[in-house]
Amino acid sequence: MYRIKFLDRRWLFLPGVALLVAVVSGAALARIERAVVAPIPCGPGEESCRLSGDFDPVSVEPAPGVWQVSGPGAPAFGALVYDPDYKLIEAQAREKLTCGLGVRQALSPYKGNVAFEDYVKAFDYNVGWGREAEASQFANASCFVAGTDTLIEVVDEADRNLREARDLYAYLAVYAPEYRFRADSYYIGLPPPGFTEALCGTTDKENPDPVDPAHSGLVLDPVIDWCNFPARLRQSVREAANLRLLFGQQFMVDAMGLHFSGVDFVGGENAVRKELAQLRAAKYQYELAEKGLAEALDRGLGSGCYVSDFYTQSEWSLLSRAIQNQETAQSHIATRMSYMDIASPESVPQAQAQAMQAFRQASVDGYVKLIGMASLGAAQPLGVGCDKGERPDGLLAAEMAANLIETRRQANELTDKRNVFGFDVSFTPARPYKSSVPTSCDEAGAGDRGLWDEAWCAAEYAKELQNDEVGNTRAFDNSQVALQTEMEEIRTVTDVRVGKTSGCYRSDFANDQAWYDCVGQQDDLLNTCLASVAVPIDDQTFDSCMRNAQIKDGEARQALYDLRATYGVYQNVVKKEDNIYERITHSDDRNATVTEWLGAAGALQTVAQVAQVGYEFVNCIDYGEVGLADAKSTPACGIAAGIWAAMEVAAGGVSTQANIEVENANNEQETENLLLDHSELMIEAYATQQQFFSKKSAYLALLDSMGRDLLEAQRARAYFQHSPANDPSYRMVRDSSRLQLAKQMEYASRMAYLAARRAEYEYAARLSASNFRISDIYRARTADDIKRYLISLTGVTNSLAGSATYQTNASDFRISVAQHVALITNETPAERTRLFRDWVAKYTVNDPAISNKPVLKFPITTSLLEAGLFSQVIQQGYDRYWLLKLSGIGDPKPSSNGVSVNLLTDQAGLSYRAVAMTQGGVVHLRSFAGCTFDYRLLAPSVLLGLEWASNQDPESATAVWNANVNEAHAYTENGFRTPTFMGRAASSTGWEVIVYSGAPVAGMPDMDLQQLTDIELIFSTTYASREPGEPQPSECTRIDW
Amino acid sequence: MDKNKRTILSRVFALLVIGLLLSSNLPQPTGMARWLGADRAQPASLNGAYIGKVELDYAMPGEYSDPLPPPDPGGEPLPDLGEIGLGLQLTQSESGVEGYVGLEHTLVFTTEHTVRGTAFGPMVTGSFDGTNFSLVSERVSLVSGGKNLMRQFQLIGGLAEGEEKRLVGEYRETLWGYGSQPLTIVGRFTLDWYAPVATDFLYLPLVDRK
């Protein structure tokens, strides 16, 4: 006979490499010993402990053709037999699964589990891995090894239990004689302690989604067949993975969510640092989930099968999700690393390198597992008979590939110099920094609302939403607290009261319904016994009824016994009464006259008659529901009823007041004493009856109270389940306000970023040199963060050179195309005109797509450099100019005139012509220090992803208006100037000018382009002034993003 | 021998090889594009930086050197496995072709070597006969998801038809340690010549950091 002995923390390895993962992987089977042989401890890899068997189609299973290992065993312990070996293994597996399942269910958000409320939900406020945990809240204390004191230890222990259960079940699935289990009364008979149903069916009764016959809309608990070992294996796998995914997701939610301190939201760098910690914790949990799922891939069972051969799509899907979630978490980590710890421009590359490394790690992990998942989908089980599950669906590999692409996209954004908003950091928004008129956030933007003002108003609105969210969160939490308090009240008071009364304690039952059933059953059983509480003492009906083992030892049961005892007292009174009655009716004085009895003087009854009345009175006392009313229904008892009123008076007094007067008696004193005793027994009988009724009333009240308490417990639970605070839709309301806030926050952050980027341009400044990091906005997590950012920004720009205080100059410059663009100088006027017309001919275009008349279309590159165009235009003190920008009309200076064109020609009578100008390409600004900074101005709508015509260049500004001819009109005249280029740098690499030769209106002549002698471009500009001087190279370095 | 002479000689040699190939009607490798155009006039060498992508087709158990027949086209539709970026820094010498995976253009490899301060991925070695080439990477180890894994890839291909600066062919990468048997992913690579590197690349690489 072989016997399996369980010793904690010892390992036995069965077949080949790993079989014994199964028998023992966990805390379990440590040693298998033979009765006549000294115990042999089995350690990993010990040859004598390896299990082998005959792999034969003729299996121990009765079904022919089923492949099965017959007679598995090992030299150390011989063959495993059904009883006790397999049964012990099954018990071990079941215990471990139950333990792990208990923890997972306790942490589930369903059914108001207190562990979820205490540990998971509170993650928001207290990342509680290391916090002390009450193990009893999770599962039976025996599930945990000593020293399981913290939440992480509880979860780790549950994970370990579940993975061990997985391996044990895998072993059972391959080797165990299932048919023996299904014929074993232990498994198919009465449920063992702790279970409400038989463990197994004679055939598989597994039903993961039973239909509710009552159609109550409830999701019923799945029907478990503990002999369906593959199903239990898979359940163990899923529960272990879900346990990890639950916390992984919680960490992720916390990292991605809002940080609420209880008073206000927490933002800034510390918040991001906390996010990083939470994301890393989430990734670790996902890694553990994957590890648990993937270790089954190479966990052999000695039969050629692997544990993973039993996986179905559910398990593969969990594996895929665990992998993808890791990659997602790692991507979020990488994104945050790209803007963390940037204290100076020099630290940007380092931060980005670290971020890139994190992206690479995410990508490599995702890729190698993509190979794994895709290959496993194409693979077939290796061993014969291993086709127990499913191969992973190709869609899972495709999802992983899509996730990989997303990771690559994010990494590419970093390498493409796109920031976390997706903005190309080399672009500057082509929209003013500040509003042209003071802005009120309560109204639609008046004038030209600047980016800073837009961001400020967006942050203000975000602040409002944030306050709403604070309120919603607080209300939600308060309602949750109230709900929790109520549940605690139910658990600690009402449930306990019901338990004491009925003997059915909630903690003894797996679910509420079983408990309700028990209480209801007690009510029924006790009421049945109540019917026989008033039977004679020698009648065993009541005692027999109360001996029912299903009657629990509660207060109700005790009260019923008390009631019965009271009735016993009455029975005793009756007996005494019978004795006295007999003595009186057989005495010589039975015919003596009673002159006074029970306070009634002058009565003429005999002693026997009085005794008869008393006798009938006592025996007619009824213990039924209606008391003496029934007694009056019989003639004999009717006589007794006649003295009822007197009895009530007597019972209310003292027995000695019940005077007896007897005449003509031989033994007068003795007779009087007998009658006196007789009377007192009547009084006692009456009092006993009252006591009985009182106790019966108390008993019924107790049962009523129990019923009410039970109803209250049921109602409270129903309320809890249907409470708005517990309603998912209520949570969604809260979540939707969070989403609304998040969306507004993102918009405000983006606008704030654009404002800062624009400010750098408008002031030709390096904000980083003023201790302002544009990248700080990536760390903004609250509306206040954004407002602080904007206040800081405006504080810097208000103080910068180039601010309104300094930018006080305006000037209109004329650019001669002949001189400054065609570079025709120093020639005679005739030669100059000839050369210019040659130049005009070179750029004359006959393109119907532009006009049906010839046009002059030429590019201009305006340069700020020495010897460049502007140094020629501004011939004196050019190096004192900086921040040279084009004006609008009357803006920013009242004298501003925008941009205009004057055509000089020998042809008369033209008045004006249409002209189009476009500024694109890279624009330049000279800084206060004298550096020339490059900028690419881009339409904000493109940056923000709003509508933009695909055939329009977002980097250019274009205008069409009337050009003067020979100054026929003043260039300050409306219609002959354009404000389009306001705020754009005067210097650009991408100017394009088109002069239309065609008549602008009928009746006017066409213009002969070959009659042109020059073209004047008149730029109305603003500029700031500086002292001449060469900048330090470091002053010309712009690094921020 | 100066560089020009060496280039001329190598081109003459490559022409001879091409001629031999074309005249002998040697079978082209199956399952790949026809890499070498019959009218190619210039011999080629695998020197320089190549960047491109690998379109992943299918994966199955086995090693890269196994036959690994493609899945039945009439079977279940294959999942879209996407593509990966790939960059190589190659140097051809008389003894063959050597180089490294350039990390700037791929995210699925990690630093395995650092040469003159520049990080590279796995080393690759192989041969190029003027027409076809074969490259095999070193086997590299990594830990992922708690598993000790190893990776190795192979490129077999040649010059794309009409595109002398483009390499095309079959990519196979084998993963050991994820499950009980090696797993291999198969795809098609397209690599474009990107920049030259010095001939002493292996020792003093000039990496284009454009």
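Trainee: How much accessible surface does chain B have, and what share of it belongs to carbon and sulfur atoms?
Mentor: The accessible surface of chain B comes to about 10200 Å², with 53% belonging to carbon and sulfur atoms; accessible areas come from the Shrake-Rupley method with a 1.4 Å probe, and for residues only the protein chains shown count as cover. This is a predicted model, in which local features need pLDDT of at least 70 and side-chain atom pairs count only at pLDDT 80 or more, while totals for chains, interfaces and linings use all residues. Residues are numbered from 1 along each chain as its sequence is written, chains are lettered from A and ligands numbered from 1 in the order in which they are written, and side-chain values use heavy atoms, with hydrogens and water left out.

Trainee: What about chain A, how much surface is there?
Mentor: For chain A the accessible surface is about 45000 Å², and 51% of that belongs to carbon and sulfur atoms.

Trainee: Switching to packing, how do helix 10 and helix 11 of chain A lie against each other?
Mentor: Helix 10 (residues 347–378) and helix 11 (residues 394–415) of chain A pack at an angle of about 165° with their axes 9 Å apart; the axes are lines fitted to C-alpha atoms, for helices over the stretch in contact, and angles run from 0 to 180 degrees between N-to-C directions. The two helices of chain A are therefore roughly antiparallel to each other, given that angles under 35 degrees count as roughly parallel, over 145 as roughly antiparallel, 65 to 115 as roughly perpendicular and the rest as oblique.

Trainee: Which residues meet there?
Mentor: Among them are Phe359(A), Gly366(A), Leu370(A) and Met373(A) from helix 10 of chain A, and Met400(A), Leu404(A), Gln410(A) and Leu414(A) from helix 11 of chain A, with contact meaning heavy atoms within 4.5 Å. The residues of this contact divide into 15 nonpolar, six polar and one charged, where Ala, Val, Leu, Ile, Met, Phe, Trp, Tyr, Cys and Pro count as nonpolar, Asp, Glu, Lys and Arg as charged, and the others, Gly among them, as polar.

Trainee: How does helix 15 of chain A pack with helix 13 of chain A?
Mentor: Helix 13 (residues 512–530) and helix 15 (residues 555–585) of chain A pack at an angle of about 0°, with their axes 11 Å apart, which makes helix 13 of chain A roughly parallel to helix 15 of chain A. By class, their contact has six nonpolar, no polar and one charged residues.

Trainee: And at what angle does helix 15 of chain A pack with helix 16 of chain A?
Mentor: Helix 15 and helix 16 (residues 607–620) of chain A pack at about 165°, with axes 10 Å apart, and these two are therefore roughly antiparallel.

Trainee: What does Lys695(A) touch?
Mentor: Not counting residues up to four places away in sequence, Lys695(A) touches Asp562(A), Leu563(A) and Thr566(A). Lys695(A) itself is found in helix 20 (residues 668–722) of chain A and, at 28% relative accessibility, counts as partly exposed.

Trainee: Last one: is Leu68(B), with its positive phi, buried or exposed?
Mentor: Leu68(B), whose phi is about 45° although it is not a glycine, is buried, with a relative accessible area of 4%. Arg116(B) has a positive phi near 50°, and Arg116(B) is exposed, with a relative accessible area of 54%. Most residues other than glycine have a negative phi, and most peptide bonds are trans.

Key: Helix = DSSP H or I, 4+ residues; strand = E, 2+ residues; numbered from the N terminus. Buried < 20%, exposed > 50% of the residue type's maximum accessible area, 1.4 Å probe, protein only.
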